[in-house]
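Student: I have not looked at this structure before, and I would like to go through it slowly, asking as we go. Could you take me through it?

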Protein chains: 2
Amino acid sequence: MNDMARPARLRDTRVTLSHGGGGRAMRDLIDEVFASAFRPDGMEDQARLTNAALAEPGARLAMTTDSFVVTPLEFPGGDIGTLAVCGTVNDLAVGGAKPLWLSAAFIIEEGTEIALLRRVVASMVAEAERTGVRIVTGDTKVVGRGAADGLFITTTGVGVIPPGRDLGANLIRPGDVAIVNGVLGDHGATILAARGDLALSTDLQSDCQGLGHLMEAVIAAAPDTRAARDATRGGLASALNEMAQAASVGIEIEETALPQRAEVAGMCEILGLDPLYLANEGTLVLFVPEDQAQAALAAMRARPEGAEAAIIGRALGDHPGQVRMRTAFGGSRIVDMLVGEQLPRIC
Amino acid sequence: MNDMARPARLRDTRVTLSHGGGGRAMRDLIDEVFASAFRPDGMEDQARLTNAALAEPGARLAMTTDSFVVTPLEFPGGDIGTLAVCGTVNDLAVGGAKPLWLSAAFIIEEGTEIALLRRVVASMVAEAERTGVRIVTGDTKVVGRGAADGLFITTTGVGVIPPGRDLGANLIRPGDVAIVNGVLGDHGATILAARGDLALSTDLQSDCQGLGHLMEAVIAAAPDTRAARDATRGGLASALNEMAQAASVGIEIEETALPQRAEVAGMCEILGLDPLYLANEGTLVLFVPEDQAQAALAAMRARPEGAEAAIIGRALGDHPGQVRMRTAFGGSRIVDMLVGEQLPRIC
């Protein structure tokens, strides 16, 4: 697929059904838009991979997958390609795996601009470089007009969990400290503004970023880190609820401790949204034993992805499975899991 | 995700946008439709996997991905779920890998019947069992009415290539023999008939089947097997063209040697389709050295997936990169790669 010397044959500006039929038009699209950018090693559909870390006794393989259906496809701070790389890298990272390889499968609506595909692919290549993973295999399908919404991307990630490392929400104990790496809700608020329905003019950008290097830094500084979750769909509230239930602990957070931009807070107030449920794409919450909390916090703040890291609460023996927030006014309220959707098509 | 003791909470009969929002409705859908059937080991998004074969010195990891967008979603001989498991298992198998693990990501259109999802998931579980792989992690996204066509599934497969095994189209040499495991075009013809546009009434069934066990049997019998391809989109013609180009050999096939059902041949004649370009979902073509051809053929015929296996041609030193067919009338014609599409949305 890497025959770069071949003259370009893709003359179309938009994708047609013939680009999905398995013939020469498909091969031209794959060669010139995808393979020339991703540069997979082989000529087969299948990637063949080796990594010394995988052969270490006690090492485990980690695997995760995510489909991305965000609308709009491009937004301030990223596009569906950035999201597809970061989202899957982050799912691996918060589980304690070092992300190594990604696959990328594209479902493309007939009529999609080939220039858009090239921009998205370029974003994916740049983001993969930044986060230290390789996109090693892929697929493209084309569906007729109206059978998909522009472009969907499914990325699957494979990484390696080093011997002896074990992170899991079930390992959180009462007394453990909860830390986030940055401000809440930027991605959700950005997508909402970018949809244009609300005539909102903001300078907001998605927080879309890879968290693999940050997680490695935290685990080096706080080796007994219990568990981490990236607070994507459903926001911080849903991530914390899942952790509280998995660990059978209560979780208490402090409203005043939650890092948030004034702009996002204002937007939530105007629109009646709760920032705890807004999606993030580069924000995680993790639990560490109390005596390692300062070390973890310092390690996060030393990196750009964690510059605004903050301790936001702790795990408790009381009210197992429940998340509560001490409000700015000194009261306490239950932070339930989101029931339906706050914003669909956010990632 | 495996809390089977929890009472069922999913009361809806159709998927709504709230099932994709990251909250409790989504968790109920995932728990009751997906996790209860796939039974992943952990509670994290990420699967954690070990396999002794991966730690063997010289073993390589294989990874492949495919999105499935077939219409209709259910057809004689299978459904989109069967296809999603077989397709990815087969991509691994034809590269010489033993398939081990799959991820499955679902993009679901609002309004899709939950009963349909359950049937598709049941097909996937049954097919995974048959082919000896485990579905270890997944994702669901819901998009609004009209933003997808019912259901798309992306499966990614990970397998292991044993030490010393090396299959690749570039390894085919002049003189090598081409063998297929069964009849051509059943899947494409079945999907075409199932669309109902043509008022065709047939007893045809898709050939949709996993080929992992067959490939292992062939490699055991013919250890110098050069390369295999599953003849999916673009059919046998496209697979052979890709192999001829990768190996810089000519390929000659015999029209009279191609196994085909009379029903498919008749349908092609009526509709002006070429069976060489019809999609298959359980049919592969492989090349073996001439002195191992009978052993490979016997190994294939000993299995149900290879009962109709046949030698169809050979690689030549002449006309490198080109596929030619000796016709039933003694002539010879070039079998080119498909240019556009013969049938879209076939897999």
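Tutor: What follows is a set of questions and answers on a predicted model.

Student: How many residues of chain A are in contact with chain B, and how many salt bridges does the rule find across the interface?

Tutor: Contact here means heavy atoms within 4.5 Å. On that basis 77 residues of chain A touch 77 residues of chain B. Across this interface of chain A and chain B, the number of salt bridges that the rule finds is 10.

Student: What is the area buried between the two chains, and which three residues of chain A supply more of the area it buries than any other three?

Tutor: The area buried between chain A and chain B is about 6100 Å², and carbon and sulfur atoms give 55% of it. Of the area that chain A buries against chain B, 13% is supplied by three residues, more than by any other three, and these are A:R48, A:M63 and A:R233.

Student: Which parts of chain A does the salt bridge of A:R9 and A:D28 tie together, and how far apart in sequence are they?

Tutor: The side chains of A:R9 and A:D28 meet with a distance of 3.3 Å from N to O. A:R9 lies in the segment before helix 1 (24–38) of chain A, whereas A:D28 lies in helix 1 of chain A, so the pair ties together parts whose separation in sequence is 19 residues.

Student: Are helix 3 and helix 4 of chain B roughly parallel or roughly antiparallel?

Tutor: The axes of helix 3 (residues 80–94) and helix 4 (residues 114–131) of chain B come within 7 Å and cross at roughly 30 degrees. Angles under 35 degrees count as roughly parallel. The crossing of helix 3 and helix 4 of chain B is right-handed, and the two helices are therefore roughly parallel.

Student: How do the residues of the contact of helix 3 with helix 4 of chain B divide into nonpolar, polar and charged?

Tutor: On the side of helix 3 of chain B the contact includes B:I80, B:G81 and B:T82, and on the side of helix 4 of chain B it includes B:V120, B:S123 and B:E127. The residues of this contact between helix 3 and helix 4 of chain B divide into eight nonpolar, four polar and one charged.

Student: Are helix 6 and helix 9 of chain B roughly parallel or roughly antiparallel?

Tutor: Helix 6 (residues 212–221) and helix 9 (residues 293–301) of chain B pack at an angle of about 150 degrees, with their axes 8 Å apart. B:L214, B:A217, B:V218 and B:A221 of helix 6 of chain B meet B:A295, B:A296, B:A299 and B:M300 of helix 9 of chain B. The contact residues of these two helices of chain B are eight nonpolar, no polar and no charged. Angles over 145 degrees count as roughly antiparallel, and helix 6 and helix 9 of chain B are therefore roughly antiparallel.

Student: Is the peptide bond from A:T71 to A:P72 cis or trans?

Tutor: A:P72 lies in the loop between strand 2 (60–68) and strand 3 (74–75) of chain A. Omega of the bond from A:T71 to A:P72 is near 0 degrees, and the bond is cis.

Technical notes. Residues numbered from 1 in each chain as written. Chains lettered and ligands numbered in written order. Predicted model: local features only at pLDDT ≥ 70, side-chain atom pairs only at ≥ 80, totals over all residues. Heavy atoms only, no water. Axes fitted to C-alpha atoms, helices over the stretch in contact; angles between N-to-C directions. Helix = DSSP H or I, 4+ residues; strand = E, 2+ residues; numbered from the N terminus. Parallel < 35°, antiparallel > 145°, perpendicular 65-115°, else oblique. Left-handed = near helix turned anticlockwise from the far one by under 90°. Nonpolar A, V, L, I, M, F, W, Y, C, P; charged D, E, K, R; others polar. Buried area = accessible area lost by both parts, 1.4 Å probe. Salt bridge = Lys/Arg side-chain N within 4 Å of Asp/Glu carboxyl O.
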